[in-house]
Amino acid sequence: MVDVSPNRLISTAIRAGQAAQNALEVARFGGLETGDEPSPFDVVGRTPVYRLRHYFPELGGQGRPPVLLVPPLMLTAEVYDVAPATSGVAALSEMGIDPWVVDFGAPEREEGGLERDLADHVLAVGDAIDRVVRATGSDVHLAGYSQGGMFCYQSCAFRRGEGITSLITWGSPVDIHLLSPAGLPVARLADAAATLADVVLSRTSVPAGLSKRIFQLLDPLKTARQRLQFILQLHNREALLEREGSRRFLEDTGWVAWPGPAVAEFARQFISHNRMIQGGFVIDGRPVTVADIDTPTLAVIGTSDEIAAAPAVRAIRRAAPQAEIWELALDSGHMGLVVGHGARESSWTVVADWVHWQEGTGDRPDAIVELTEQPEAPADPSAGVQVATDIAVGAAHLVAGSARNATKAVRGVLSEAVDQLPRLARLERVDADTRVSLALLLDERARRHPDETFFLFGGRAYSYADSLHRIDAVTRGLVSVGVRQGEHVGVLMATRPTALAVLAALSRLGAVAVMLRPDGDLRREMRLGQVGRVIADPAHAAQADGHGDAPLLVLGTGGRDGELPDGAVDMEQIDHEAVALPGWYEPNPGRARDLALVSFTGRGGATRANRITNRRWAMSAFGTASAASLGLRDTVYAVTPLHHPATLLTAIGGAVVSGARLAVAPRFDADTFWEEVRRYGVTVVSYTWAMCRDLLQAPPTAAERHHPIRLFIGSGMPTGLWHRVQDRFRPARVLEFYAPTEGDVVLANVRGGKVGAKGRPLPGTARVALGAYDVDRGVLVTGADGFVQEPAVGEVGMLLARVGRERTSVRGRVLRGVFAKGDAWLSTGDLFCADADGDLWLLGRPSTLIRTRDGHVPPFGVEAALESVDAVDLAVAYGVRPEGSRDELVVAAVTARDGEGLSIDALLAGLSAVEAWQWPSVIRVVDDVPLSLHHRPQKAPLQDEGIPSDAEGWWWDEDAGRYRPLDATAAATLMS
């Protein structure tokens, strides 16, 4: 029964009247009058971006440790002083802390405020740190809420911890892709957010009202609950006043506009590219990584935070492996961490205790625990890439080369796969007359994304606009000295930004870049490359001088006077803006059939020029981008010299056509490798041969944990290293390519499951086939009909590349009527075998086979078998011919991994993978296998030694049917 007594009715009427009165006050004045006064502060510093507040200045610091608080962009600095009951600055001051606050103001009311970018705010935090340090004579404890905490991480990383005693963050996500506010997975929406930011937000801003709505929509249930509670308590003024400051702040006064450039950059770098966790975000032209942080850190986490979920916040452990990191977990939502009714006791008190502990004036707070390795590690990124690329490549094959149909076939299955298909389609449309070149593709990318980072080198980041400006200047300089389309220009330069600009400028002119090797025979290479003039950097100018009559151009002096060879032209002295472009000049005239590059292989008299057309370069570029599933989030790291095909064709090409960033090191250095991987945000590493061996031999480091690398791409990696790279550097995997200099062929082991296999041809490249090959006679095997036979599964065959009808010229001897009338094929010169799945395995060139009395032994199989033994580091197999014999003995040289012992039983277990007649006659244990400058194992020095009398190892005793320890007598007997 409803109570309708007079007292009940009077009470209800009074409550209704009080509610109406309070509601009217809120409606008229925007809130209730609380009488609260803000905490006192002085503005002690001003810049166009921020003001520095010092709270409770009357206390004068008094030797108290300073804490510098940083707000997020969408909120005012009053977030740390909303009301006396929840004021963070008041709480800190009462507990013996000296509070300072960065005030970014309201950008919509500041001159130029809406034009600020993200770097402006990070640099402002750094400036504030310096001011507080100067004012107090003490390093600061840097603290920030939400995005303000992200600014703290970024500023600390940028400064390498200078001036910072400790870090404190509240609800600050690090792995943005682990966020799912309002049930929306950020990882899936990341690219859309970046596109929206580029197209819309970079040209406007997010108004304060919209900032508030966005925040409320991220946690709509909590917003609705708070409003319902307010309505239900309208009659209780005392209860309302307790929370009025927080309510009014969240509903009205606390919000400011987001500057459009800052939002756009935040969306690109930290939402789409996730660079807080991956590394490589750019501040003031410098690539920066959170991994550089080694400052003690306290991360405050809300267990019911729907905006900055705990896994995304705890990811600081993965992002900063060198830091000592602690967490304070609170039963709180996002805003409640700093302005909630219980934040004073649960959060601010613990933070004050943390500061005193770090200062050595207090004990460790009981509420914090050390943040250790996280169970919620992200999913294996390489798995999705592998499946995506498989689908893209497979679809492109299945639909007879039509990438458009392939897109229809896989649309809706996996979006990453679809991303690769336009590249394949473009490559398929390239014929002899198609305009395509490095400079053309670079110009296309620069026009679309001028402010994006393209190139990283020496701790600096260069945008597409920066790079294009330098390329334009070099192009005009080349024109002024007479370089014309089709001219062969020798390039003798170390790996540096200027060298890349020269390469692009020559491509812009349609000239041919002849990539001279500093350690090569310059005179021979200039002759083979038909060099008309040489362009060198200052370090190689003297080396280039005197080799023939080619004029010498020098670039990279910076315009500073210095000693150059007589007659050399310092191109930095040319006023490129005054150069008038001649009538014949047409930018990017290169056609697919035109020669673009000349590189060199071999040494001395065996030096060979490799002629690379624009089509060949584009094929490698698009093939790399597709097989590696390269995209805007990637950074490709090249550590081989610019003149090496791994850099020219794979790293540069793949980056340019995909929009990935290109990071380059002057040389491979295992000591700095992980530091640069983290700083540049490297996801893909270009390797050659045994390069990764140095990484494997180095002891594990903190920077190696949770690294961002997903792929090692290259060619020639020994199988033993391949296994160890994938085991130690998980989740990264190896993507092995095969791309001969002759024939438009690119094979790739896309699936990656078969260690050592070269895989299958990429779509858009030439069709390949194996022709049965007689290794004794060195000829292709034909049948009764005169056509070349195809080898059975596992049998040796010569790899042949189909020559299309659109090809007007092919280097090398074209074979016609090979498998059918009128067909045309080019021999790659390499022997392969195919397995039952159709994957191809490289056996080597015919000259590398070991000719024993029992048959020809491919070294690869023996090497792979021995390298399958855990204790083996490297293995090489080669032939040694005893005196007076026509046959060779199979000799294998192996090195042991550090701290490992080699036993013949273990080696025999490995050799069980090959037929017994192919087993080595001698297995040598050597201290090291010689490597070339580019890390290729060198067999010739070992082969020249024969079987030394003092060699350590074992020899095969045919009479006993087993291996025996090698001694001088056995060595002499074998060689006689």
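**Notebook: helices and contacts**

I began at glutamate 345, which is found in helix 14 (residues 343–359). I noted at once that I am working with a predicted model.

Is glutamate 345 buried or exposed? I looked up its relative accessibility and found 58%. Exposed means over 50%, so glutamate 345 counts as exposed.

**The whole chain**

I stepped back to the chain. I read off 31 helices and 40 strands. The chain has 976 residues, and 57% of them are buried.

**Helix 3 and helix 9**

Next I took helix 3 (residues 118–136) and helix 9 (residues 260–272). Their axes come within 7 Å and cross at roughly 90 degrees. An angle of 65 to 115 degrees counts as roughly perpendicular, so helix 3 is roughly perpendicular to helix 9. Which residues meet here? From helix 3 I listed Leu118, Ala119 and His121. From helix 9 I listed Ala262, Glu265, Phe266 and Phe270. By class, I got five nonpolar, one polar and one charged for this contact.

**Helix 19**

I moved on to helix 19, residues 464–480. I checked its length. At 1.5 Å a residue, its 17 residues should span 24 Å. The end C-alpha atoms are 24 Å apart, so the two values agree.

I then noted which residues of helix 19 are buried. Among them are Tyr464, Ser467, Leu468, Ile471, Gly477 and Val479. What do the buried residues pack against? I found two helices in the list, helix 18 (438–448) and helix 20 (497–509). I also found strand 12 (453–457), strand 13 (460–463), strand 16 (533–536) and strand 17 (552–554).

Just after helix 19 I came to glycine 482. Its phi is positive, at about 100 degrees.

**Helix 18 against helix 19**

I finished with this pair. The axes of helix 18 and helix 19 come within 9 Å. They cross at roughly 135 degrees, and the two helices are therefore oblique to each other. The crossing of helix 18 past helix 19 is left-handed. On the helix 18 side, I noted Leu442, Asp443, Arg445 and Ala446 in the contact. On the helix 19 side, I noted Tyr464, Leu468 and Ile471. By class, I recorded five nonpolar, no polar and two charged residues.

Note on methods: Residues are numbered from 1 along each chain as its sequence is written. This is a predicted model: local features need pLDDT of at least 70, side-chain atom pairs count only at pLDDT 80 or more; totals for chains, interfaces and linings use all residues. Side-chain values use heavy atoms; hydrogens and water are left out. Helices (H or I, at least four residues) and strands (E, at least two) are DSSP runs, numbered from the N terminus. The expected span of a helix is 1.5 Å times one less than its number of residues. Buried means under 20% relative accessible area, exposed over 50%, partly exposed in between (1.4 Å probe, protein chains only). Contact means heavy atoms within 4.5 Å. Axes are lines fitted to C-alpha atoms, for helices over the stretch in contact, and angles run from 0 to 180 degrees between N-to-C directions. Angles under 35 degrees count as roughly parallel, over 145 as roughly antiparallel, 65 to 115 as roughly perpendicular and the rest as oblique. A crossing is left-handed if the near helix is turned anticlockwise from the far one by less than a right angle, and right-handed if clockwise. Ala, Val, Leu, Ile, Met, Phe, Trp, Tyr, Cys and Pro count as nonpolar, Asp, Glu, Lys and Arg as charged, and the others, Gly among them, as polar.
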